[in-house]
Amino acid sequence: MMPGVLLGAGLAILVGIFLLLTRAFAGPTPFDRILATNAMGTKTVIFVALLGFISGRPEFLDTALAYAIINFVSTIAILKFIEFRRIG
Amino acid sequence: MQPIFDVLTVFFLAVGCLLAVTGALGVVRMPDFYSRLHPAGKTDSLALVLIITGLLFQCSRYPGIGMGAAIRLVLIAGFVFLTSPVATHAIAKAAMLAGLEPWRKADESHAQL
């Protein structure tokens with residue numbers, strides 16, 4: 001029974017990712033797109049963690065942890081570029 | 001013990017998925033960038049923590065590697081709980097510095113003029 005529940009949760013997260021993707025495409029300002037992409041990254045972390053438990057191999061959690069770190073750093077880097085027009 | 005854990009997992013996953021989908025729906029439906037920060041920033045971190053808590057109860061199914069998986073889950077939850085508000089605040093600050101005007105109702109702005 002448990003894999004079915006995890007699979008349903010993964011499908012719900014995918015629906016959320018799709019809704020955020022429509023906002024990332026439609027967003028009038030660049031900040032809307034950054035916000036939607038950041039939220040998509042958080043949901044991707046959830047999905048990767050769920051995927052590890054669906055396939056019965058929790059080693060996927062290392063990938064989820066790395067994805068969380070990359071998501072935060074890339075968001076801050078893009079915002080810093082918009083604010084100061086340079087990365088360094 | 002595992003049946004109780006399974007019930008807890010189902011509960012936490014259901015609440016977390018509800019928050020995740022409604023938060024995404026709010027990002028699509030809200031009229032303005034600043035109001036979109038509200039569903040995107042708050043529901044995201046809470047949904048992740050709830051779903052991670054639900055997965056935490058499943059770690060006892062994996063005898064050898066369950067402990068390491070539990071530690072990694074707690075690390076992910078703690079990291080996202082710290083960084084998601086920081087990212088949301090940084091996006092709002094960048095939008096404010098770029099001069100994005102908050103949205104008002106049409107007749108309300110006329111009344112202020």
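In the predicted model, the buried residues of α3(B) are B:Ala69, B:Arg72, B:Leu73, B:Ile76, B:Ala77, B:Val80, B:Thr83, B:Ser84, B:Ala87, B:Thr88, B:Ile91 and B:Ala95. These buried residues pack against α2 of chain B and, across the chain boundary, against α2 and α3 (60-84) of chain A. The length of α3(B) agrees with expectation, because its 32 residues, at 1.5 Å a residue, should span 46 Å, and its end C-alpha atoms are 46 Å apart. The helix is followed by B:Gly99, a residue whose phi is positive, near 85°.

The contact between the two chains takes 37 residues from chain A and 38 residues from chain B. On the side of chain B that touches chain A, at least two residues are supplied by each of α1 (2-29), α2 (33-56) and α3 (66-97) of chain B, and the largest share, 15 residues, comes from α3(B). Divided by class, this side of chain B has 31 nonpolar residues, together with three polar and four charged ones.

Within chain B, α1(B) and α2(B) pack with their axes 8 Å apart and at an angle of about 165°, which makes α1(B) roughly antiparallel to α2(B), the angle being over 145 degrees. The crossing of these two helices, α1(B) and α2(B), is left-handed. The residues of α1(B) that meet α2(B) include B:Phe12, B:Leu13, B:Val15, B:Gly16, B:Leu19, B:Gly23 and B:Val27, while those on the α2(B) side include B:Arg36, B:Pro39, B:Asp44, B:Leu46, B:Leu50 and B:Ile51. The residues of this contact of α1(B) with α2(B) divide into 12 nonpolar, eight polar and two charged.

In chain A, A:Ile46 lies in helix α2 (residues 30-54). A:Ile46 is classed as buried because 29 other C-beta atoms lie within 10 Å, where 20 or more are required. When its neighbours within four places in sequence are left aside, A:Ile46 is in contact with A:Ile13 of its own chain and with B:Leu48 and B:Ile51 of chain B. Of these partners, B:Ile51 is also among the residues of α2(B) that meet α1(B).

Definitions and conventions. Residues numbered from 1 in each chain as written. Chains lettered and ligands numbered in written order. Predicted model: local features only at pLDDT ≥ 70, side-chain atom pairs only at ≥ 80, totals over all residues. Contact = placed C-beta atoms within 7 Å. Helix = DSSP H or I, 4+ residues; strand = E, 2+ residues; numbered from the N terminus. Nonpolar A, V, L, I, M, F, W, Y, C, P; charged D, E, K, R; others polar. Buried ≥ 20, exposed ≤ 12 C-beta atoms within 10 Å, placed from the backbone. Expected span 1.5 Å × (residues − 1). Axes fitted to C-alpha atoms, helices over the stretch in contact; angles between N-to-C directions. Parallel < 35°, antiparallel > 145°, perpendicular 65-115°, else oblique. Left-handed = near helix turned anticlockwise from the far one by under 90°.
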